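Dear colleague,

I am handing over the structure below, and after it you will find a short account of what was found. Please keep it open while you read.

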Amino acid sequence: ELRSHRAESMATCLTQIEQILKEAQAKFPGSTATLETETSCDAYHIPEDHPGLLRVKQAMTAIGLTPQLIATNGGSDNNVFMKRGLEGLVLSCGFVEPHSLKERVRLSEMVTCTRLIVQLMAEFSKEKF
């Protein structure tokens, strides 16, 4: 599995893998190797001056949160949406030990998330962006 935030890096890695396979075939006459690839999540980037992102940051600040922009190596529905031209953001809701058998969320984080959703509705109802 390969993951990258840049398509160029992904292409470079795939080229290196293809080269290694060719070298292995040359080293072991009569051997064959087949490389099959499948893309499950295309990387995407939201500019920091995107109007939707600015509204989310404004809503967070309005309820006393400090926005943090981070890149993750995970995939979400938003990868598919972005590929199809529907821009969106993924917001964290305070999970503890995500994707594990101990995954949980604190009640206080759920309350904060609810406050943020209400504030987001207020921000986005003002006008189109």
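This is a predicted model, in which local features need pLDDT of at least 70 and side-chain atom pairs count only at pLDDT 80 or more, while totals for chains, interfaces and linings use all residues. Residues are numbered from 1 along each chain as its sequence is written, and side-chain values use heavy atoms, with hydrogens and water left out.

I begin with Leu120, which, when its neighbours within four places in sequence are set aside, is in contact with Val56, Ala59 and Leu91 (contact means heavy atoms within 4.5 Å). Leu120 also belongs to the largest nonpolar core, whose six residues are Val56, Ala59, Met60, Ile63, Leu116 and Leu120; such a core is a set of buried Ala, Val, Leu, Ile, Met, Phe, Trp, Tyr and Cys residues joined through side-chain atoms within 4.5 Å, where buried means under 20% relative accessible area, exposed over 50% and partly exposed in between, with a 1.4 Å probe and protein chains only. Helix H2 (51-62) and helix H4 (107-125) are the elements that give two or more residues to this core, and H2 provides the largest share, three residues. Helices (H or I, at least four residues) and strands (E, at least two) are DSSP runs, numbered from the N terminus.

Glu97 has a positive phi, near 50 degrees, although the residue is not a glycine, and Glu97 is partly exposed, at 38% relative accessible area. His99 is found in the loop between S1 and S2 as well, with phi near 60 degrees, again positive in a residue other than glycine, and His99 counts as exposed at 80% relative accessibility.

With best regards
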